Amino acid sequence: MSAHEQCPHRDGRVDLGPEFKADAPARYARLRTLGPIHPARFHLGLEGWVVVGHDLAREALTHPALLKDSAPAAEALAAAGYVLNKPSVGLGGQMLEADPPEHGRLRRLAAAAFTTRRTAALAPRVERIAHELLDVLPAAGETDLVEAFNAPLPATVIAELLGIPEEFHTDFRRWSGQALQVASPDHRTALASLHRMLAGLIEDKRRDPRDDLLSALVAVRDERDGRLSEEELTGTALMLIVAGHESTVNLLGNAVLALLRHPKQLALLRARPELMPGAVEEFLRHDTSVERSTNRYAAEDLELGGVRIPRGGLVVVALGSAGHDAPQAEETDPAVLDVGRPHARHLAFGYGIHHCLGAPLARLETAIALRVLLERVEGLELAVPEADLEWIGSGIIRGVRSLPVRYRVGPHRA
């Protein structure tokens, strides 16, 4: 089969729209047989290239001429109807959209506040939240696991970590879910609402600092790097909310769905909870929630995987696809879920200078949430045919909008 025959459009481009996203693992698998990079069509008809092979993905993620600066692509972006992010409406002023040397400055300042110690100290609270969410469920029945467990757990954790008052929790959960769905009419409104909320909270923290991450970001100072500006403070906090919350919500959903598809793996993980840390890496490899990288633009004409990318060309990396192409410690089928896989290799948190700062928190939350869920919930099964599950149709996140399950929940035995 040729690349042209594989693609759903006559021009030979892969259309990465809702139909593709709903069947992404299988479609990426077919693309990998055809080559490591393919011409693609993205949201609003924007055209570029998608990298699906592991080795080329690592090269693209560290290529010195593939940058976050969208200036070389401004004309194409404007023609597709994109409005480049501004501080009042988007994700401006944060490291995810910055290039060196500014990226290094922003990352060092954020890392100084978002410490390993602060993350590790959250473990007991994450476990309490997981148990509290299961405690309020009826002893048996049906529920949407996304709404009842997967979404509120990381939302509560990040809200408490940042110091977001409880009265904002419902709104911030809704807005963060909408913010990453770029095809949604609520996308930009949600970003603007989150921005306004955080700008107000930052002012509150400046007047009355507390023991929370927002206060720490306000206070952090480095002799070389100075402080975060107002735009950078808000952009960094917004990034932590949107990227950190939504990625973990959907990682939990994808992991549970994978276990329901593979009951022997579920039984193994329930019987051997000590496998959980490695199992989390396998879930990240097998069906990660951040399906694609954010956009990179060619700062000059370049060649990638034998393909010429002109200046201004858009390149994204299929992080989930790369995990199925990564060399593993043992010669096992990468399409198979194996919670006992030793040292599962993946690019779920990116690679290079943009490697996810919140990766330790995502791993912590996922491991604790799944352990508590498997300890207390029996008879877990889908309450609808799998074909009826609706997948998020746009953006870089992969996950189902809801996960209806039947269950029996047991008491918390401390």
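Because the model is predicted, local features need pLDDT of at least 70 and side-chain atom pairs count only at pLDDT 80 or more, while totals for chains, interfaces and linings use all residues. Residues are numbered from 1 along each chain as its sequence is written, and side-chain values use heavy atoms, with hydrogens and water left out.

Helices (H or I, at least four residues) and strands (E, at least two) are DSSP runs numbered from the N terminus. Two strands are taken to pair if DSSP finds at least two bridges between them. On that basis, three strands form an open sheet in the order S5-S11-S10, with antiparallel pairing. S5 (140-144) and S10 (377-382) are the edge strands, each with a single partner, so one side of each is left without a neighbour in the sheet. From one strand to the next, the twist averages 25 degrees.

The antiparallel pairing of S5 with S11 (residues 404-409) comprises five bridges. Within it, Glu-142 is the bridge partner of Arg-406 in S11, and Gly-141 is that of Tyr-407. S10 and S11 are joined by four bridges, also in the antiparallel sense; here Leu-382 has Val-405 in S11 as its bridge partner. As background, side chains in a regular strand alternate between the two faces of the sheet.

Axes are lines fitted to C-alpha atoms, for helices over the stretch in contact, and angles run from 0 to 180 degrees between N-to-C directions. Contact means heavy atoms within 4.5 Å. Helix H14 (residues 230-261) packs on the sheet and touches S10 and S11, its direction making about 85 degrees with that of S10. Helix H18 (residues 359-376) lies across S10 and S11 and runs at about 105 degrees to S10.

H14 also packs with helix H11 (residues 169-179), at an angle of about 85 degrees and with the axes 9 Å apart. That makes H11 roughly perpendicular to H14, a class that covers 65 to 115 degrees, where under 35 counts as roughly parallel, over 145 as roughly antiparallel and the rest as oblique. On the H11 side, the residues that meet H14 are Phe-172, Arg-173, Ser-176, Gly-177 and Ala-179. Their counterparts in H14 are Ile-241, Val-242, His-245 and Glu-246. By class, this contact has four nonpolar, three polar and two charged residues. In that scheme Ala, Val, Leu, Ile, Met, Phe, Trp, Tyr, Cys and Pro are nonpolar, Asp, Glu, Lys and Arg are charged, and the others, Gly among them, are polar.

Buried means under 20% relative accessible area, exposed over 50%, and partly exposed in between (1.4 Å probe, protein chains only). A nonpolar core is a set of buried Ala, Val, Leu, Ile, Met, Phe, Trp, Tyr and Cys residues joined through side-chain atoms within 4.5 Å. The largest nonpolar core has 93 residues, of which Phe-283 and Leu-403 touch the most other members. H14 gives the most to this core, with 16 residues. Not counting residues up to four places away in sequence, Phe-283 touches Leu-251, Ala-255, Leu-259, Leu-269, Thr-288, Leu-337, Val-339 and Leu-370. Apart from this core lies another, of 21 residues, including Ile-37, Leu-304, Ala-322 and Ile-392.

Helix H10 (residues 152-162) is mostly covered, with nine of its eleven residues buried. Among them are Leu-153, Val-157 and Leu-161. Gly-163, which follows H10, has a positive phi near 90 degrees.

Strand S2 (residues 37-41) has four of its five residues buried, so S2 is largely enclosed by the rest of the structure. S2 runs parallel to S1 (residues 14-15), with two bridges, and antiparallel to S3 (residues 47-51), with five. Asp-15 has Arg-41 in S2 as its bridge partner, while Ala-40 stands opposite Gly-48 in S3. The hairpin of S2 and S3 has five residues between the strands, and Leu-44 in this hairpin takes a positive phi near 60 degrees.

Some loop residues remain. A cis peptide bond, with omega about 5 degrees, joins Pro-100 and Pro-101; Pro-101 is in the loop between H5 (74-79) and H6 (102-113). His-343, in the loop between H17 (319-323) and H18, has a positive phi of about 55 degrees although it is not a glycine. His-343 is exposed, at 69% relative accessible area. Pro-185, in the loop between H11 and H12 (187-207), is exposed at 76% relative accessibility.
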